[in-house]
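Here are some questions and answers on a ligand and the space around it. The sequence and structure come first.

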Amino acid sequence: MSGIDNLPPLRDVIARHDLRAKKSLGQNFLLDLNLTAKIARQAGDLSACDVLEIGPGPGGLTRGLLAEGARRVLAIEKDPRALPALAEIAAAYPGRLEVIEGDALAIDPLAHLRPPIRIVANLPYNVGTELLIRWLTPEVWPPFWESLTLMFQKEVAERITAQPGGKAYGRLAVLAQWRSDARVVMSLPPEAFVPAPKVHSAVVHITALNGPRFPADPAILSQIVASAFNQRRKMLRASLRGVAPQIEDLLRTAAIPPTARAEEIGLEAFCTLARAVEAQRKGG
Ligand code: SAM
């Protein structure tokens, strides 16, 4: 027994199902169930929520989520070796865990989830950023999720929550903070995982706002931010040349010095510039 439930300790589960970690699948497992329960608690009261978990692996975080009272968990796992271990958890929590085998990048989970929905995951590092960008850029806002509670490498967590003026500030910070609140809620050393990765990790909690902090067309804002940070060492009048004719005039309209660089520009100014570009494109 493991302390948070009546299931066997994760080390036994891993040994019994021969779940040796595979690097190609970004497998670094959390074996301390008190820690996984603590991560689950960062997502708030889950008793009235469906939780989407990506990459449950042997199920440490899944068990944390269920023990902490999640109404239902839908878990998407690419590694078929993990399915028998997850089936044991499903049997211990009847009707509360559904597992889909497959690639989270290719599966649309929505048909399997009932709102309100929160996403909680110790993400595989190789697809984590891509999934986050998808969740932050849906076609309609508010998105299908209320909050995201996600484990990342510390460096990625810093990029998500960064403020202007430093190297960490970039596209991810602007995307995450434009329509959400994002903060680091836990830091974990490499030894918290088996096998231990080379880097430190952090849990980021992101809550969706009802609407954007500052109005802007999402596609135009996204284009500006991508162009500005793809050439972040260049002055904006150069890096944004392809975004609109007379970009210098538009930068001045937005009160941005054309000689400034992307990392000096805050969210509000990027949004003002996006509106100026939109007005020019509409012929205004
Ligand atoms: N949640 C477990 C834990 O905390 O111990 C495992 C986390 S491990 C960092 C990442 C998990 O994601 C692994 O179980 C891996 O097999 C799975 N995974 C990797 N790529 C995936 C993908 N594209 N879709 C779904 N799961 C994936």
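Q: Which strands each supply at least two residues of the shell around the ligand?
A: This is a predicted model, where local features need pLDDT of at least 70, side-chain atom pairs count only at pLDDT 80 or more, and totals for chains, interfaces and linings use all residues. Residues are numbered from 1 along each chain as its sequence is written, and side-chain values use heavy atoms, with hydrogens and water left out. Strands are DSSP runs (E, at least two residues), numbered from the N terminus. By that rule, the strands are strand 1 (29–30) and strand 3 (72–77).

Q: How many residues surround the ligand?
A: A residue is near a molecule if one of its heavy atoms lies within 4 Å of it. Leu 30, Gly 55, Glu 77, Asp 103 and Asn 122 are the closest. The number of residues that surround the ligand is 20.

Q: How far is a polar side-chain atom of Asn 122 from an oxygen atom of the ligand?
A: A polar contact is a pair of N or O atoms within 3.5 Å. An oxygen atom of the ligand is 2.8 Å from a polar backbone atom of Leu 30. For the side chain of Asn 122 and a ligand oxygen atom, the distance is 2.8 Å.

Q: What share of the ligand's accessible area does the protein cover?
A: Accessible areas come from the Shrake-Rupley method with a 1.4 Å probe. On its own the ligand has 590 Å² of accessible area.

Conventions. A polar contact is a pair of N or O atoms within 3.5 Å; within protein, one must be able to donate a hydrogen and the other to accept it, and residues adjacent in sequence count only if both atoms are side-chain atoms. Helices (H or I, at least four residues) and strands (E, at least two) are DSSP runs, numbered from the N terminus.
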